[in-house]
Amino acid sequence: MVKKIGLVGFLFVACLGQLMAQEKTNNPSFRALIPFEEIFKLAAKEKKPILFEAYLPTCSHCIAYDKTLRDPRLKTYLQTNYLAYQLDLSKKENNLFLRKFHIFIPSTPSFIVFSPAGKIMDIEPLGDESNSVVGIQQILNRAKNPLACSAFLLQKYQQGEKTMDVMLSAGYFSRLIMDTTHTIDIVNEIVRQIPKEQYQDERSFLIIQKIMLDDENPLFQHFISNLGAYKTKFDSLNVLQAAENVLMSSLYCSRARAYSPERMESIKNGLRKLGLPEAQISLRTIVLEVLIDLDHRDVRKATSKILGFYAGKAIPDREKEFWCKQLTRGLPKDQTCPLP
């Protein structure tokens, strides 16, 4: 049950959050944030890599890391080896910066490392196990090493090296820089190397959780068909969330417009196995299914799907406007919308 708090309590919580945020941005190990273009110019001039710590002011893990990052040894280390800044992800401009560079941050805190030339070298979501002076230094030493960073491992994969360790690192990095094509290719190659008897071990589940973006591979098909077995070994909520993430990634990717009816039904069946009601499944798939029909110039079929989705109910004006725009796209200007 959520407890109600009075105005005084609310103001105390709000002020505490502001103080935490203010304290966070005053961490002496980091420089004050300046315009990003100036940071990259400075890095090129000083020939130093750039470190951004992506954080949220109210994130408990970020607060725990902040205590470690205040250690004088890390202040000296960062001043010697990096231009180090913090990115508060509660601020729009910092999220726009990440979007510009196609960086996906799955959790906070995370380290993002750029080369002095402004190329992404590494992205590292931070776990509790590395929250120490030595642990942080180890991560950052590897991240700035041109022959050990994640970008180099992705390059090694692209050049033909397909050892499991290289592919796992390259696949995760590819996921974090939103390179969907390489991520799917790497995962498919990883799955080809995993014996079926290892499909339910911890490494395979982590691959599904952290790297997999597509449902069309043997490991995911085994996973979605044996959810009960995975729930006995791993947290059931994590199992369901991992399955939903992969299915929705498959639905919302750019190549989904080329899916066959059989592939769409397979994804729907996967969502049914998660216990989603038909109404929710339809809500998630209707736009894609209509667009696929329209790509095949089947306006009648697309119209029928839309009417079936609303099941005889009046279509809200804004939604009808959207559907009519799709249904009449590419048709003569005097063509009327087929929806009633």
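**Note on cavities, pockets and the sheet**

1. The count comes to 1 cavity of 30 Å³ or more, where a cavity is a set of points, on a 1 Å grid over the protein atoms alone, at which a 1.4 Å probe fits but cannot get out. About 30 Å³ of space lies in the largest cavity, a volume being the space filled by probe spheres set on the points, with grid points joined across faces, edges and corners.

2. The model is predicted: local features need pLDDT of at least 70 and side-chain atom pairs count only at pLDDT 80 or more, whereas totals for chains, interfaces and linings use all residues. Residues are numbered from 1 along each chain as its sequence is written, and side-chain values use heavy atoms, with hydrogens and water left out.

3. Which residues line the largest cavity? They are Thr 183, Ile 184, Val 187, Asn 188, Met 212, Leu 213, Asp 214 and Asn 217, each with an atom within 4 Å of a point. By type, this lining has 4 nonpolar, 3 polar and 1 charged residues. Here Ala, Val, Leu, Ile, Met, Phe, Trp, Tyr, Cys and Pro count as nonpolar, Asp, Glu, Lys and Arg as charged, and the others, Gly among them, as polar.

4. The largest pocket has a volume of about 880 Å³; a pocket is an open set of points with protein on both sides within 12 Å along at least five of seven lines. Its lining consists of 36 residues, and nearest the centre lie Tyr 172, Arg 175, Leu 176, Lys 210 and Ile 211. The lining divides into 20 nonpolar, 9 polar and 7 charged residues.

5. Strand S4 and helices H7 (150–158), H8 (164–176), H9 (180–193), H10 (202–210) and H13 (236–252) each supply at least two residues of the lining of the largest pocket. Helices (H or I, at least four residues) and strands (E, at least two) are DSSP runs, numbered from the N terminus. The largest share of that lining, 7 residues, comes from H8.

6. The second largest pocket has a volume of about 250 Å³. Among the residues that line this pocket are Arg 257, Asp 295, Arg 297, Gln 326 and Arg 329. Helices H15 (278–295) and H17 (317–327) are the elements that give two or more residues to this lining, and H15 gives the most, with 3 residues. The lining of the second largest pocket has 5 nonpolar, 2 polar and 4 charged residues.

7. The protein has 17 helices and 4 strands. An open sheet of 4 strands has the order S2-S1-S3-S4, with mixed pairing; two strands pair if DSSP finds at least two bridges between them. The edge strands, S2 (83–88) and S4 (120–125), each pair on one side only. Neighbouring strands of this sheet are turned by 15 degrees against each other on average, direction ignored.

8. How many bridges join S1 to S3? There are 5 between S1 (residues 50–55) and S3 (residues 110–114), and the two strands run antiparallel. Leu 51 stands opposite Val 113 in S3.

9. Helix H2 (residues 36–46) packs on the sheet and touches S1, S2 and S3; its direction makes about 160 degrees with that of S2. Helix H5 (residues 92–100) also packs on the sheet, touching S1, S2 and S3, with its direction at about 115 degrees to that of S2. Axes are lines fitted to C-alpha atoms, for helices over the stretch in contact, and angles run from 0 to 180 degrees between N-to-C directions.

10. Of the 340 residues of the protein, 42% count as buried, that is, under 20% relative accessible area (1.4 Å probe, protein chains only). Among contacts (heavy atoms within 4.5 Å) between residues at least 6 apart in sequence, 62% join residues at least 24 apart. Taken along the principal axes, the C-alpha atoms fill a box of roughly 70 × 55 × 50 Å.

Definitions and conventions:
Buried means under 20% relative accessible area, exposed over 50%, partly exposed in between (1.4 Å probe, protein chains only).
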